[in-house]
Amino acid sequence: MPPAPKVMAIYFPQYHAFEENDRFWGRGFTEWTLLKPFEGKGIRKPLSVEQGGLGFYDLTSRDVRKQQAQLAMDHGVHGFLFYHYWFTGKGVKKPMVMEKIPSLMLEDGEPNMRYFFNWANEPWTRMWNGRASAENPPLLAQEYGDQSEWQNHFEFLLPYFKHEQYMKMNGKPIFAIYRPGLIAAEAKLGPMLSLWRQLAQQHGFPGMYFVNTHSGFWQEMVGQPQLFDAAYHFLSTCCSSGREYNIATAADQGLNHEPVQFWGAFTGFNNRVRGTVQLMEKPVTPHQFYAALVHSFSAMASAPQRRLDQFSNNIFVVAAWNEWNEQNVLEPDTEYGFGFLKSLQKALTHFHSSRFVSTGDL
């Protein structure tokens, strides 16, 4: 499979107490506050430490982050795609939120894995859906600032871009944006990305490598100019919507913006724990996850000429490593144990692409 997929698992840094959660939800609130007491059939919870899992951990612990990295690498995960949070607008006291865990990573080296950032740029609301309205006002707004704001944001990220484990594409730091369609393309998004490319060059990089997110919000990008170098497919390639395999390609979504497409898969979705109005359940078993991975890898191997720079990293995004309150998890759980991790390892180590390559091409 030229080149082999590098699995990047989406990583959420929420699992510790921080000022914004204390302010909005009560002192000591974390992602575990809702999950621990929740009772409901089919809801996965962290496998206990006694059973070899990670339990209800606190990410400020270096040992926990070290264990996560070891678990991930032992089962074929190449790196983590860290969700990154930066806000400007009403109710924002400081732009960076949940910055403690990545900053600790710079200090103590854990998780010691390759990584890059995905800016989760939607506003925060009490419904956890990124949709602010008069009935659902934002807890933290997103107005995306001006040139001085964009420069401050870049300077905050610069130590990470310079970090030896931060992933680059041909020397360019990779940076993804979750919902770029929320940012006015001509007034803000285009000028911001252009400024960041210039600033990156001033700091010795050949530029920036910007990645769009193809997801259920794809309609927001219709009509926007091509501003990104690539796109990754979010919550794709698995059993959902009545289809055995749901490969969310740009063609399926009416989009053909980015020249490079990074595929992916997901481990299920269920937001009952959050208690939001728009409940959605898409259960996935480890067996289905494995079948979806093999399906994707087979499609990759049979079409090596697909839109991917042959000299680039073949990023394959799995959602997610630890999104427990939406049941989108690779970490060991009470329902399947190490099932999802073992399925990933099996798919990566037992897949044979030779049958898709003719001898005349060797």
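**From labels to values**

Tutor: Gladly! Let's start with Val97, which is found in strand 3. Helices (H or I, at least four residues) and strands (E, at least two) are DSSP runs, numbered from the N terminus. This is a predicted model, in which local features need pLDDT of at least 70 and side-chain atom pairs count only at pLDDT 80 or more, while totals for chains, interfaces and linings use all residues. Residues are numbered from 1 along each chain as its sequence is written, and side-chain values use heavy atoms, with hydrogens and water left out.

Student: Is Val97 buried or exposed, and why?

Tutor: Val97 has a relative accessible area of 2%. Buried means under 20%, exposed over 50%, and partly exposed in between, with a 1.4 Å probe and protein chains only. Val97 is therefore buried. In sequence, Val97 and Gln14 are 83 residues apart, yet their C-alpha atoms are 9.7 Å apart in space.

Student: And what makes Ile10 buried?

Tutor: Ile10 has a relative accessible area of 0%, so it counts as buried. This residue lies in strand 1 (residues 5-11).

Student: How do you know which spaces count as cavities, and how many does the structure hold?

Tutor: Rolling a probe the size of a water molecule over the atoms shows where empty space is left. On a 1 Å grid over the protein atoms alone, a cavity is a set of points where a 1.4 Å probe fits but cannot get out; a pocket is an open set with protein on both sides within 12 Å along at least five of seven lines; lining residues have an atom within 4 Å of a point. Points are joined across faces, edges and corners, and a volume is the space filled by probe spheres set on them.

Student: What lines the largest cavity?

Tutor: Its lining includes Tyr83, Tyr85, Val97, Met98, Phe117, Phe156 and Tyr160. Strand 2 (79-86), strand 3 (96-97) and helix 5 each supply at least two lining residues, and strand 2 gives the largest share, 3 residues. By class, the lining divides into 9 nonpolar, 1 polar and 1 charged; Ala, Val, Leu, Ile, Met, Phe, Trp, Tyr, Cys and Pro count as nonpolar, Asp, Glu, Lys and Arg as charged, and the others, Gly among them, as polar.

Student: What about the second largest pocket?

Tutor: The second largest pocket has a volume of about 210 Å³. Of its 15 lining residues, Gly42, Arg44, Asn270, Pro283 and Val284 are the closest to the centre. Strand 13 (269-270) and strand 14 (281-282) are the elements that give two or more residues to this lining. Its class counts are 4 nonpolar, 5 polar and 6 charged.

Student: How do you know whether the length of helix 5 agrees with its residue count?

Tutor: The expected span is 1.5 Å times one less than the number of residues. Helix 5 (residues 147-161) has 15 residues and should span 21 Å; its end C-alpha atoms are 20 Å apart, which agrees.

Student: Where does helix 5 bend?

Tutor: Helix 5 bends by about 25° at Glu155, and Pro159 follows within four residues. A bend is the angle between axes fitted to the seven residues ending at a residue and the seven starting there. Among the buried residues of this helix are Trp150, His153, Phe154, Leu157 and Phe161.

Student: Why is Arg179 called buried, and which side chain does it contact?

Tutor: Arg179 has 4% relative accessibility, so it counts as buried. Its place is in the loop between strand 8 (172-177) and helix 6 (185-202). The side chains of Arg179 and Glu122 make a polar contact at 2.8 Å. That term covers a pair of N or O atoms within 3.5 Å; within protein, one must be able to donate a hydrogen and the other to accept it, and residues adjacent in sequence count only if both atoms are side-chain atoms.

Student: What makes Asn170 exposed, while Gln327 is buried?

Tutor: Asn170 has a relative accessible area of 55% and is therefore exposed, whereas Gln327, at 4%, is buried. Phi is positive in both non-glycine residues, near 55° for Asn170 and about 55° for Gln327.
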